[in-house]
Amino acid sequence: MAAEQYSVQAELGEASPKPAESIAPRPSASSWRTATISDAVIRIEGLHKLYETSAGLFPALKDVSLNIAAGEFVAIMGPSGSGKSTFMNLLGCLDKPSAGRYVLDGRDVEKLGKDELALLRNRTIGFVFQGFNLLPRMSLLENVALPLIYCGITSDERQQRAQALLSKVGLDGYAASMPNKISGGQQQRVAIARALINRPRLLLADEPTGNLDSQTSKEIMALFEGLNSEGITIVLVTHEPDIAQYAKRQVRFFDGRVVSDQITHQEAAV
Amino acid sequence: MMFAMLGEAWRAMGANRLRTMLTMLGMVIGVGAVVLMMSIGQGAQYAIKQTIAAMGSNLFVLLSGSTSTGGVRSGGGGNLTLTVSDADAIAELPGVQVAAPIHPGNAQIVYGPNNWNTSIIGTTPDYLEARSWPVISGSAFTDSDVRSATRVALIGRTAAENLFGNEDPVGKTFRIRQSPFTVLGTLAAKGQGMDGRDQDDTIIIPLTTAQRQVFGSQFQGSVRMIMVQTTTQEAMPAVEKSMTELLRQRHRIREGMDNDFFLRNLTAAADSAEESTRVMSLLLGAIASVSLLVGGIGIMNIMLVSVTERTREIGIRMAIGARERDILLQFLLEAIIISVAGCFIGLLLGIGGALTVNALTGTMVIISGSSAVVAFGVAATVGIFFGFYPAHKAAQLDPIEALRYQ
């Protein structure tokens, strides 16, 4: 049921498939698993994800293996239905794989309980969504500070940290504004500040520029580049090649499998 | 953490003020109704209890029986079959507190220019104990007054007012018919009896004085009534049985013959009145509780709507690290705040309503702390009970589904 809904939605989102992706380069042995470094933030082996639909089991991911090291900036690419969003949900501990192993920051996700997964999402992972997903009734400062409520930090410290991050994303004077009073680009900056509030090791961004114009997209991507240079690992889902250009490594999905994995900027391999 | 949660609950409630207030109204009406009904019910119970206490509790009255002479039957008390020694014998029975023989009548009383017709009760000091009727000034007469038939009297408030006006009656001498009597003491006011008669329009004198000097009975040892008080309410059925047996034996009534006396249980009527008020106030409380229940269901209904409306928000919160119990607590807090705030307002309105009823109709109301505590406890329980299901539903949402919800 869920998968059906999902695939319909994905098809609607992308009316004309991009020709560039149909001629995706085949995976080469040399580029496969380039990031097998001991300091891996993400280690994935033989990951499968099946969805139950009315027509039977639908495999969204088939035997995906991928390692991502600390400090990497990875773009996940692929057409609709290729499994990249499913992959992101698994990376973000919002969903559990049907088979395979996922080790995040040294912890085997399969063995963690619901509360421990929530803790990972709170401390280790920062989320940035396509639709920004700010809470409409809260000021920008409160939105940024929200994750801290769930880890018992005092009100004063919450405000200080949220204020500092708003400054960092260039929204210094907007603390008391409401989300519906600012532009899309500004909302995404607030969302990024919220994702960063608990100093995560990993930032997951699902089509972060999908709702933004090209100029604003560039600004947001510049922000991501800056964060990456500070050492935060970033995994970004996009289907726009010019957005993917900002990443140092591009992983392509097709039909639930990884079909290519290329390092685009050599200096990225730390 | 808790403060932040409270702030969020406040914000969520403030975002839809009208809806929050309407939801709260269910609780307000429920609690208000319970408090109002309970205070009126308790007031009614208290009033009945007072009437019973004024009459005296656990009382029997024995009346001399009727006789039949040549087919003409006298009424009750037509033949003075009861005697003072019957009273003494009854007083010895187990479970009997006191037994007071009574010779009642009416007579004209005179003091200076004033005169007044009032009821005269000739009896023993035990009568005052049985009726729990204290002497508030002066003193009561004693058994020795009864033995020597002295002309002393205790005077009820109404009789005293009519005879003595503003003067203090104690120590004054007045006349009953032609005999002079000295007022020994005044009786506490008792107000209306169960039958509406003024119980204070009376004079109590020693039994022997009444029989010999006021009413002139033919048979000195016989009395028209005996008032019997048992030690406890539980003892009443046993005493009723043993008393009947004793009197039949003393009066030599053969098996199969009717009693030559009547036995009345004075408390039974009052008890049944109290019982019916108690049932009535329970019933009122039960009906009011139904509205409390309806209010609780209203809360559940709105919370379910709220959870559905905020599905996406729940998804976002889960994605940024809210645990199930954080989500649960958030929605539960909202339900509890609504019900407790509604309860508080309802409490105030209920008390105000009870006071208004009291002011407008004079009905006695009792606002007890316990009913307030009960209403508050019930409201908090209702909030938790009816808030839990929606909150649990929210906490169990799948984060991905919730995030995709439009």
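## The β1–β2 pair and its sheet in chain A

In chain A, strand β1 (residues 40–53) and β2(A) run antiparallel and are joined by 10 bridges. The model described here is predicted.

Both strands belong to an open sheet of four strands, with antiparallel pairing and the order β2-β1-β4-β5 (chain A). Its edge strands are β2 (56–69) and β5 (107–108) of chain A, each of which pairs on one side only.

## The six-stranded sheet of chain A

Another open sheet in chain A has six strands. Their order is β6-β7-β8-β3-β9-β10 (chain A), and the pairing is mixed. At the edges lie β6 (125–128) and β10 (257–263) of chain A, each pairing on one side only. On average, neighbouring strands of this sheet are turned by 15° against each other, direction ignored.

Within this order, strand β3 (residues 73–77) of chain A pairs with strand β9 (residues 249–254) of chain A in the parallel sense, over four bridges. In this region Ile76(A) stands opposite Val251(A), a residue of β9(A).

## Helix α3 of chain A

Helix α3 (residues 84–91) of chain A is largely enclosed by the rest of the structure, because eight of its eight residues are buried. The buried residues are Lys84(A), Ser85(A), Thr86(A), Phe87(A), Met88(A), Asn89(A), Leu90(A) and Leu91(A). Just after α3(A), Cys93(A) takes a positive phi of about 60°.

## Helices α5 and α6 of chain A

The axes of helix α5 (residues 140–149) of chain A and helix α6 (residues 155–168) of chain A come within 9 Å and cross at roughly 120°. At that angle α5(A) is oblique to α6(A). The crossing of α5(A) past α6(A) is right-handed.

On the α5(A) side, the contact is made by Leu140(A), Leu141(A), Val144(A), Ala145(A) and Leu148(A). From α6(A) come Arg158(A), Gln159(A), Arg161(A), Ala162(A), Gln163(A), Leu165(A) and Leu166(A). By class, the contact of α5(A) with α6(A) has eight nonpolar, two polar and two charged residues.

In chain B, helix α2 (residues 17–55) and helix α9 (residues 266–309) pack with their axes 8 Å apart, at an angle of about 175°. This angle makes α2(B) roughly antiparallel to α9(B). Sorted by class, the contact of α2(B) with α9(B) has 21 nonpolar, 15 polar and four charged residues.

## Helices α1 and α11 of chain B

The axes of α1(B) and α11(B) are 9 Å apart, and the two helices pack at an angle of about 65°. α1(B) passes α11(B) in a crossing that is right-handed.

Met5(B), Leu6(B), Glu8(B), Ala9(B), Ala12(B) and Met13(B) are the residues of α1(B) in this contact. They meet Leu329(B), Gln330(B), Leu333(B), Glu334(B), Ile337(B) and Ile338(B) in α11(B). By class, the contact of α1(B) with α11(B) has nine nonpolar, one polar and two charged residues.

## Where chain B touches chain A

Between the chains, 21 residues of chain A are in contact with 16 residues of chain B. On the side of chain B that touches chain A, at least two residues each are supplied by α1 (2–14), α10 (311–319), α11 (324–361) and α13 (399–404) of chain B. By class, that side of chain B has nine nonpolar, one polar and six charged residues.

## The chains as a whole

Chain A has nine helices and 10 strands. Of its 270 residues, 44% count as buried. Among the contacts in chain A with a separation of 6 or more, 74% are accounted for by residues 24 or more positions apart.

Chain B has 13 helices and 14 strands. Of the 406 residues of chain B, 42% count as buried. For contacts in chain B with a separation of 6 or more, residues 24 or more positions apart account for 81%.

How values were computed: Residues numbered from 1 in each chain as written. Chains lettered and ligands numbered in written order. Predicted model: local features only at pLDDT ≥ 70, side-chain atom pairs only at ≥ 80, totals over all residues. Axes fitted to C-alpha atoms, helices over the stretch in contact; angles between N-to-C directions. Parallel < 35°, antiparallel > 145°, perpendicular 65-115°, else oblique. Left-handed = near helix turned anticlockwise from the far one by under 90°. Contact = placed C-beta atoms within 7 Å. Nonpolar A, V, L, I, M, F, W, Y, C, P; charged D, E, K, R; others polar. Buried ≥ 20, exposed ≤ 12 C-beta atoms within 10 Å, placed from the backbone. Pairing = 2+ DSSP bridges.
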